[in-house]
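Please view the sequence and the structure together.

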Amino acid sequence: MWWRRHAASPTALASGGGAAAATAPAAAAGGGEGGTIKIVSSLPRTGSSKGQSDTVVNAINQRLKQDNSQACNGQFKITYEDMDDATAAAGKWDPTQEANNANKAAADADVMVYIGTFNSAPRRSRS
């Protein structure tokens, strides 16, 4: 079902064009009478990239706060979960942790937006 998952960039979320606007109509098309749209990010929240990912997470939270964590005139509530794809042992993103986060998000029926990965290193490691 194409409408179950949508991707959004942190920039789109922060600028207001983001996931809620793209996802809410799709959820309504799926027969919902409102409900919850869950956004998950998987970013390096531990280690050297934490400062940069703090900026992204703060932008997401600020944007959600601006609309009282709602979309479509309050028809949908938006929740946000901030996942860490880094480990203290590695001091940076960890491919196993990223995979665990992605699998957890994919298994959650409420997750409609997954933001990650933070940079190209995880994508390069899969080639």
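The model is predicted: local features need pLDDT of at least 70, side-chain atom pairs count only at pLDDT 80 or more, and totals for chains, interfaces and linings use all residues. Residues are numbered from 1 along each chain as its sequence is written, and side-chain values use heavy atoms, leaving out hydrogens and water.

Helix α4 covers residues 95-107; helices (H or I, at least four residues) and strands (E, at least two) are DSSP runs, numbered from the N terminus. From first C-alpha to last, α4 reaches 18 Å, close to the 18 Å expected at 1.5 Å a residue, where the expected span is 1.5 Å times one less than the number of residues. Glu98, Asn101 and Ala105 are the buried residues of α4, whereas Thr96, Asn103, Lys104 and Ala107, on the other side, are exposed. Here buried means under 20% relative accessible area and exposed over 50%, with partly exposed in between (1.4 Å probe, protein chains only). The buried residues of α4 pack against β1 (35-43), β3 (76-84) and β6 (111-115), contact being heavy atoms within 4.5 Å.

Strand β1 is mostly covered, with seven of its nine residues buried. Its pairings are tabulated below; two strands pair if DSSP finds at least two bridges between them.

| Strands | Sense | Bridges |
|---|---|---|
| β1 and β3 | parallel | nine bridges |
| β1 and β6 | parallel | four bridges |

Serine 42 has methionine 83 in β3 as its bridge partner, and isoleucine 39 has valine 113 in β6.
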